[in-house]
Number of protein chains: 2
Amino acid sequence: MDITTPYLLFIGDAIHAKTAQGVRDWRPELCVGQMRFPTSKLDLKLPEMSFDDALAAGAKAVLIGAAPAGGALPESWIAPLIEAMEKGLDLASGLHTRLNEQAALVAAAARLGRTMFDVRHPTETFSIGAYAFRPGKRLLTVGTDCAVGKMYTALSIEKEMLERGWSADFRATGQTGILIAGRGVSVDAVVSDFVSAAAAALSPEAAPDHWDVIEGQGAIFHPAYGGVTLGLVHGSQPDAMVLCHEPTRSVLTDFELYGRRTLEDCIRVYTEMARLTNPDARVTGISLNTSKMAEADALAVIAETGQRLGLPCVDPFRTGVGPLVDALAA
Amino acid sequence: MDITTPYLLFIGDAIHAKTAQGVRDWRPELCVGQMRFPTSKLDLKLPEMSFDDALAAGAKAVLIGAAPAGGALPESWIAPLIEAMEKGLDLASGLHTRLNEQAALVAAAARLGRTMFDVRHPTETFSIGAYAFRPGKRLLTVGTDCAVGKMYTALSIEKEMLERGWSADFRATGQTGILIAGRGVSVDAVVSDFVSAAAAALSPEAAPDHWDVIEGQGAIFHPAYGGVTLGLVHGSQPDAMVLCHEPTRSVLTDFELYGRRTLEDCIRVYTEMARLTNPDARVTGISLNTSKMAEADALAVIAETGQRLGLPCVDPFRTGVGPLVDALAA
């Protein structure tokens, strides 16, 4: 799916707006303004706009980039979303609740000829080929856990590559990434048989010096999501993997019964698994999310980790990802 | 889903009837008879029956256990299937085409209050817990490839256990297995995020001496299906794994670009992966499908493989699975 852009970011009276914040941070050129309810406690620091203002500023779609309390689409959001469609705007949503299952929205979209993009729910089908090796270069971010910075690292690497004049595309595999990129596949919502095929479709054959920078999901040593991760590793045929890690946690996020594996274990297993579909696959660097650490401690752990593993090690936020991209150029 | 049984096996004018044959072989007590078109070239060697005959013999459902030419449901099958529902029979199907998407069948089922079971398309939802370790014992069949005997081996082990008076349940993960067991989950059709959760739901907490014998899917060194396999390994928390293999192939079925991995590689990786959720997991035996080999060659390869790996090795069809179950008792 190619999502209609640019966006007016709609956050209503949401309590979190991680998706809207991600799109604003990584694709400010796609965000013309924000619309909030008067009771909103969030602020994206974008111009406040009505739908007419947004249209005048070039908006083509309303992005629902916020998590309402309870997770479902609040009744109070329906009327403004219908009004947006009446004004000529499409809708794009990363919510678990599908816009395309809300009768009032479905009827309005049909009547007005508008498109509603539920990016968490893939509508494409994927065909399983014989998995010939694809030209072009691919980097996949992998992790020791969920929520360790795989999307942030991939976006940082794409940005660095583009700034160096390389040919590169961020390839999104989760809802926030898809809304940032304007396309992608929410792989954890694909039928399990087709995860590898979806990853292959997402990073197709390309010019020999082109890099697809693919957003990873889950972790191979994760009791619930390891299978999604392995399918993504196999289908991506990565030349390079960057291992993402959060150094202050000892157990998996939301799965506290499970301890984290060492970076060494993860490097060994990701490498062996990836070599099934790309015999040259290797882990080329480490990306640490040290946001919970003091600066001195963070820099020490970054230096120590890189030295111990013999790999470039960064925190994209603190140090940038230059050393990771240097390693690919070498 | 608990499927209505016993079945009248309907094969129409199908060209293959692997599912019907599997149900007939493993659950003859669930098969009251067969219905074929006069042009059928297949014969399940069961009594030929009309719907009235089948009802009189106790049938409660028609099992569509055959693959029509082209894979889709032929137009000529619709009228007899509606007639079956009019007579009072439910329908059960392992076809890729959903009965529940055929307008004429859907209307008839609604009018008559019948149920149509599309076992390849799960309708349940699964909740992701924190994956505490479950009491009870679990055996999972795993493979070097698809189509190497994982279902056959699991059913053979369940049968052997029951004959020894053990408490055991075959747990089905594919369409033929589900129609044999009368329940199960087609894990390759589950949304990828929930494969481990589905495997966990399929083999729940049980008495300490109860064995769930879980049908494996795919292979961990498979470029398309490795993720499904890993999700099943993690969610099953297996105490024991039996590695299934077909000794005469050197490349993967339908994926000829990929060579088979050695049994040693597979044992090492399945064991490491399974120990994430069950620290005591191990491969306890080997099951070879030697159907393409002469008897003397087959027995030689069975003996040599077992000796080389230091594990009981069988072909369920030629030697039975006694040694595999002996190893679990020890």
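Student: What do the buried residues of α7(B) pack against?
Tutor: They pack against α8 (226-236) of chain A, and in chain B against β7 (168-171), β8 (211-214) and α8 (226-236). Helices (H or I, at least four residues) and strands (E, at least two) are DSSP runs, numbered from the N terminus. This is a predicted model: local features need pLDDT of at least 70, side-chain atom pairs count only at pLDDT 80 or more, and totals for chains, interfaces and linings use all residues. Residues are numbered from 1 along each chain as its sequence is written, with chains lettered from A and ligands numbered from 1 in the order in which they are written.

Student: Which residues of α7(B) are buried?
Tutor: B:V195, B:S196, B:A197, B:A198, B:A199, B:A200 and B:L202. That is seven of the eight residues in helix α7 (residues 195-202) of chain B. Buried means that 20 or more other C-beta atoms, placed from the backbone, lie within 10 Å of the residue's own.

Student: And how many residues of chain A are in contact with chain B?
Tutor: 29 residues of chain A are in contact with 29 residues of chain B, contact meaning C-beta atoms, placed from the backbone, within 7 Å. α8(A) gives the largest share of chain A's side, six residues.

Student: What classes are on that side of chain A?
Tutor: There are 19 nonpolar, seven polar and three charged residues. Ala, Val, Leu, Ile, Met, Phe, Trp, Tyr, Cys and Pro count as nonpolar, Asp, Glu, Lys and Arg as charged, and the others, Gly among them, as polar.

Student: Changing topic: how is chain A divided?
Tutor: Into domain 1 (7-118) and domain 2 (137-329), with bounds from an automatic or database domain assignment. Their centres, taken over C-alpha atoms, are separated by 29 Å.

Student: How many residues of those two domains are in contact?
Tutor: Ten residues of domain 1 of chain A are in contact with five of domain 2 of chain A. Helix α1 (residues 18-26) of chain A supplies the largest share of the domain 1 side, five residues.

How values were computed
Buried ≥ 20, exposed ≤ 12 C-beta atoms within 10 Å, placed from the backbone.
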